[in-house]
Amino acid sequence: MFEPFTDVVPSFFGWLNQGPLTLTIFLHTVIILPMIWIYFQEKKRLENEN
Amino acid sequence: MASKYLTGTGSESKQLATWYFTFAAILFGAQLLFGLVAAIQYVMPGFLYEILDFSIARMLHINALVVWMVFAMFGSVYWLLPDETGIETIGIKIGKLLFWIFAAAIVVVVLVFLFVQVGKADATTIWLITEGREYIEAPRWADWGIVVVALGFVGNLFLTGMKGRQTGIVTVLMADMIAFAGLYLAGMFFTDNISVDQYWWWWVIHLWVEATWEVFVGAIAAYGLIKMIGAHRQVVEMWLWIEVAMLFGSGILGLGHHYFWIGTPEYWWEIGALFSALEPLPLVAMFVHVLYDWGKTQGSEEEKGNTHSVINNKPAFTWFVLNAFGNFLGAGVWGFFHTLPQINLYTHGTQFTSAHGHLAFFGAYATILIGMFYIAVQGTNGIKVMKNTKASIWAVSLITGGMMGMTVALTIAGYVQVIVSRAQMGATWAAYFDGQSGMWFTQAMDWRLIMGILIFTGFIILAKDLLTTGKNPVHER
Amino acid sequence: MANKSVWSDNRFWKRTATWVTGFASILLIWLTFDTSTQIAMGNDQDLQNKVTKRVPGPTVINYKITYEMSPKRGHEVPIIGGNDGKGNSLFQEKEKFFGRDDYSEKEARALLHLGKLGSQAKNCMDCHTLLGNGAYYAPDLTKAWLDPAWGPNGAMQALTGKNTKEEAMAEFLQHPDQYPTHARMMPNLGITAKEAKGLVAFLKHMSSIDTNGFPRNFGKIKGAVHGK
Ligand code: HEM
Ligand code: HEM
Ligand SMILES: [Fe+2]
């Protein structure tokens, strides 16, 4: 399941770097998820304004 | 709207803008001349050997590039501030004083580069002659001068933005310009550790051109669309926010594409590859946005039965459209070519990089800033509708055609280096010259020089066109 | 406008832009802390204790440096003081640098400092690339210390009339215009003997930095086309 760590110094980001995509999928997800929350907040605001 | 702000004559801010633009245009010419010297040295290595060596010519070439763009960017902000905020720029007297300090400092730095060139290996050289780090070679004393000038500029912008009407464009510019100025500090220290050195050096270079400057271009393009074709502000500003999200979202961590091989950990391969691979997306968006708004405003005029063009400044708009496309092509496509580590391992530090560097800087920045020159010329001469002239068309064709030709030549040269020097011969000193002496490489260098001469000719015509606009009767006043 | 969509609402995009920018910046700062500790320069103690650093301490100039394949990493890595056969450094084998292999931490640091200053004062980066960054008019210097041309079988020691790599390099750097090997020559930059020694130390140290395998196959291929 987990790839052995090969870089010189172990680190959190190095550990997340499990294959070609794991690290950036993780980072992109944390960036994009809160946008959903922003979306619904704004939606509510627009509805209240009407 | 008070028409006095629309012309350069009534507004001190706009007057200051024209000073910035003029100095920028002169430096642009100097940039091209030193580029030609460096290009000649590739073809004739003895040219100015030990008089004005390649390193000095190149340093002047790229420093003039960065400085003229910064000048034109400051000028653009001073130009659009009164239009956007509806008031005269606050603290403009200090702004004018800072302009002269800035210009004088640049002249001194250039003279030192030209005539002192190198120094002893000590701190005095770093403080007084050169810091010897590509693009930001200016000595430390000048760094501090630049910081002071930039603070003054940001101060003008903030005071005006807070007192006047705070549009979306002004808000974005305020946030962007403070980051732009702040990043410069990352390039102002010395370290023995070359990996640490390069780590922070890229903060300045990459986070400028692929984050803060790109957002600046987004804001200027938004302003230009409102100004030149009367695009709807609400729509334009929505696009601007989307662009900011996409540009910063990809560009900030896209910095990782410079951390593949400088001693930094392997996890940057993945972060750099994937975030920077997304960088072209906002550039596509910006291109679509410009063309879409143009078509939309023109279409709605035609529905009303008007057949005239909605564009009130043809040469400027031409450069803005070229910007939208050139940004996508030079930064987006040519950048993407070499942004994955598997490819960058071989293209890193070859003429391929140079091909991308040229088309990106030209497509993303030179174009739109030349467009701003035209907007300023229109304003200061009180022109209502500015037409294309023979000269403006020749200038844009020669410069753009020359840049494309140069990019193709450099790309071919880059392939030779990648295949011969890097892949086949093992990247050594001998391998390097095996690549340099190949026929495809040497011919590419000849073509680069020829294209450079075309570009310079185009520049002369551009200067002539800008300077004679005031007297040209074809424009509607 | 009734039922305005969130997707065409400026405030939604403004907040999104703010969030994305802020978070990407924070991530970058976090990554910068992580990377900074990894690329901080080591010291003599690390070399004594056989600790592999991405950027070894300056006393690495006392050791023999090579650039060899690491099966674990999947690319070449700098090997300091001999290879354990698995691509790891042994930190044993020394190599004389201007006649000595016992530079103290302080001496080595001073040499490296002089060399780094020299590289900036003379603008090496506006002709050469260092770690692949800079100008493309002259060869990349990342692994110049390991270039076969400077080695016992290369041409440069004989050309400069010196018996060691470091002396040949220092001689060349002081008078590059006297030892041209190509029409495109390096100019005389007024480099003194002392500065040259510092620059060579700087180049030797740079060759020991772990660049994740750049440049690939350095010096290993003698030419797939010409040398078959
Ligand atoms: C307007 C935006 C851009 C400008 C002005 C620009 C300019 C440059 C310049 C001048 C360099 C060379 C730096 C040096 O001297 O070492 C460079 C390198 C690079 N750029 Fe860009 N760039 C832009 C956008 C992009 C984008 C969007 C990408 C990727 C999709 C990209 C990918 C790269 C890469 C990977 C390198 C490193 C090349 C190497 O390893 O030698 N750039 N860029
Ligand atoms: C007359 C036209 C021009 C000529 C002959 C020319 C020539 C050159 C040469 C010879 C170099 C050195 C490349 C090397 O190290 O091998 C260079 C670098 C550079 N030039 Fe130009 N140039 C011209 C116009 C421009 C323009 C219009 C721009 C941008 C708008 C530009 C941006 C750059 C940049 C960013 C670099 C550094 C590239 C890198 O490090 O990758 N140049 N140019
Ligand atoms: Fe970049």
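A residue counts as buried when its relative accessible area is under 20%. In this predicted model, C:Phe91 has a relative accessible area of 5%, so C:Phe91 is buried. C:Phe91 sits in the loop that runs between β2 (75–80) and α3 (105–121) of chain C. Most residues other than glycine have a negative phi, and most peptide bonds are trans.

The relative accessible area of C:Asn217 is 28%, so C:Asn217 is partly exposed. C:Pro215 also lies in the segment after α6 (193–207) of chain C. The peptide bond between C:Phe214 and C:Pro215 is cis, with omega about -10°.

Chain C is divided into two domains. Domain 1 covers residues 1–31, and domain 2 covers residues 104–207. Their centres, taken over C-alpha atoms, are 50 Å apart.

The iron atom of ligand 2 was examined next. Two protein atoms coordinate this iron, NE2 of B:His61 and NE2 of B:His358, at 2.0 Å. There are 6 donor atoms around the iron atom, and they subtend angles of 85 to 179°. The arrangement is therefore octahedral. Ideal angles for six octahedral donors are 90 or 180 degrees. B:His61 lies in helix α2 (residues 54–85) of chain B, whereas B:His358 lies in helix α13 (residues 351–380) of chain B. The pair therefore ties together parts that are 297 residues apart in sequence. B:His61 is buried, at a relative accessible area of 15%. B:His358 has a relative accessibility of 22% and is partly exposed.

Chains B and C both contribute residues, so the site is shared between chains. Three side chains of chain B place polar atoms by this ligand. One polar side-chain atom of B:Arg58 is 2.7 Å from an oxygen atom of ligand 2. A polar side-chain atom of B:His61 is 2.7 Å from a nitrogen atom of the ligand. For B:Gln351, a polar side-chain atom is 3.4 Å from an oxygen atom of ligand 2.

Ligand 1 lies between chains B and C. Its surroundings comprise 26 residues. B:Glu134, B:Tyr135, B:His348, B:Thr353 and B:His356 are the closest. The iron atom of ligand 1 has a single donor from the protein, NE2 of B:His356, at 2.0 Å. B:His356 is part of helix α13 of chain B. The iron ion (ligand 3) is 4.2 Å from the iron atom of ligand 1.

Polar contacts to ligand 1 involve several side chains. An N or O atom in the side chain of B:Tyr135 is 2.8 Å from an oxygen atom of the ligand. A polar side-chain atom of B:Thr353 is 2.7 Å from an oxygen atom of ligand 1. B:His356 has a polar side-chain atom 2.8 Å from a nitrogen atom of the ligand. In chain B, α7 (194–229), α11 (314–337) and α13 each supply at least two residues of the shell around ligand 1. Of the elements, α13(B) gives the most, with 7 residues. The shell around ligand 1 contains 10 nonpolar, 12 polar and 4 charged residues.

Methods. Residues are numbered from 1 along each chain as its sequence is written. Chains are lettered from A and ligands numbered from 1 in the order in which they are written. This is a predicted model: local features need pLDDT of at least 70, side-chain atom pairs count only at pLDDT 80 or more; totals for chains, interfaces and linings use all residues. Side-chain values use heavy atoms; hydrogens and water are left out. Donors are N, O and S atoms within 2.8 Å of the metal (3.2 Å for Na, K and Ca); water is not among the atoms, so sites may look incomplete. Four donors count as tetrahedral if all angles lie between 85 and 135 degrees; four count as square planar and six as octahedral if opposite donors are over 155 degrees apart and all others between 65 and 115; anything else is irregular. Helices (H or I, at least four residues) and strands (E, at least two) are DSSP runs, numbered from the N terminus. Buried means under 20% relative accessible area, exposed over 50%, partly exposed in between (1.4 Å probe, protein chains only). A residue is near a molecule or strand if one of its heavy atoms lies within 4 Å of it. A polar contact is a pair of N or O atoms within 3.5 Å; within protein, one must be able to donate a hydrogen and the other to accept it, and residues adjacent in sequence count only if both atoms are side-chain atoms. Ala, Val, Leu, Ile, Met, Phe, Trp, Tyr, Cys and Pro count as nonpolar, Asp, Glu, Lys and Arg as charged, and the others, Gly among them, as polar. Domain bounds come from an automatic or database domain assignment.
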